[in-house]
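Please look over the sequence and the structure shown below before reading on.

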Amino acid sequence: CIRYFMMKQWYQRRVRETRKRAEREKAQLMREAKSRSKQSNSEAKAKAKQVALEEEQLIRQREANETALAAIGSRKRPKAEFVDTGGIGGTNPRFRNHRINLKDVIFLCENDSFLKKSSLLFKLHINPVKS
């Protein structure tokens, strides 16, 4: 359960980094195309034009899909667009608080290859937390 959560966070972080990198490369391409330097200016302009066309095509495709789904009355609920405020409660409805007890933590520590060698498991057995 915790490993799944950690892997999910790692994957989401990687996707964000990939998107940011792509946006930076796109912005750099556009700057190069707008610059007045003569060396490889035509290549940069061609690449920038191609990137702009691909982006326009994606936007058109997304709008067409949304229109078609609205016309046929999709069974899927549209995703709510929200702004993450970074608060503890958060705005994402998928995250829920789960209550676990000490036995669950000990079981997890005993079965995890990294945590079974940690001092956390030892401390839990020796001096359990009193509630």
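In this predicted model, the count of salt bridges comes to three, taking a salt bridge to be a side-chain nitrogen of Lys or Arg within 4 Å of a carboxyl oxygen of Asp or Glu. Side chains of opposite charge can pair when their charged atoms come close. The points below go through the pairs one by one, and then describe the surface patches and the fold.

**A network of salt bridges**

- Glu-23 and Lys-26 are three residues apart in helix α1, which covers residues 2-34, and so they are separated by about one helical turn.
- Lys-26 also forms a salt bridge with Glu-55, where the closest N and O atoms are 3.3 Å apart; this pair links distant parts of the chain, since Lys-26 lies in helix α1 and Glu-55 in helix α2 (residues 41-72), 29 residues apart.
- How accessible are the members of this network? Glu-23 has a relative accessibility of 48% and counts as partly exposed, Lys-26 is partly exposed with a relative accessible area of 22%, and Glu-55 is partly exposed with a relative accessible area of 34%.
- The value for Lys-26 is 22%, and Lys-26 is therefore not classed as buried, because that label is kept for residues under 20%.

- Is Arg-60 exposed or buried? At 52% relative accessibility, Arg-60 counts as exposed, because the label applies over 50%, while Glu-56, at 41%, counts as partly exposed.

**Patches on the surface**

- A positive surface patch is formed by Arg-13, Arg-14, Arg-16, Lys-20, Arg-21 and Arg-24.
- A nonpolar patch on the surface is formed by Met-7, Trp-10 and Tyr-11, which together have about 370 Å² of accessible area.
- Trp-10, which belongs to this nonpolar patch, has its place in helix α1 and is partly exposed, with a relative accessible area of 40%.

**The fold and the surface as a whole**

- The secondary structure of the protein comes to four helices and zero strands, and from the N terminus on the elements run α-α-α-α.
- Of the 131 residues of the protein, 8% count as buried.
- The protein exposes about 13100 Å², and carbon and sulfur atoms supply 55% of this area.
- Among the contacts in the protein with a separation of 6 or more, 21% are accounted for by residues 24 or more positions apart.

Note on methods:
Residues numbered from 1 in each chain as written. Predicted model: local features only at pLDDT ≥ 70, side-chain atom pairs only at ≥ 80, totals over all residues. Heavy atoms only, no water. Helix = DSSP H or I, 4+ residues; strand = E, 2+ residues; numbered from the N terminus. Buried < 20%, exposed > 50% of the residue type's maximum accessible area, 1.4 Å probe, protein only. Patch = residues over 30% accessible without salt bridge, like charges linked within 9 Å, V, L, I, M, F, W, Y side chains within 5 Å. Areas by Shrake-Rupley, 256 points an atom, 1.4 Å probe, with all protein chains shown as cover. Lys, Arg positive; Asp, Glu negative; His and termini not counted. Charge placed at Lys NZ, Arg CZ, Asp CG, Glu CD. Contact = heavy atoms within 4.5 Å.
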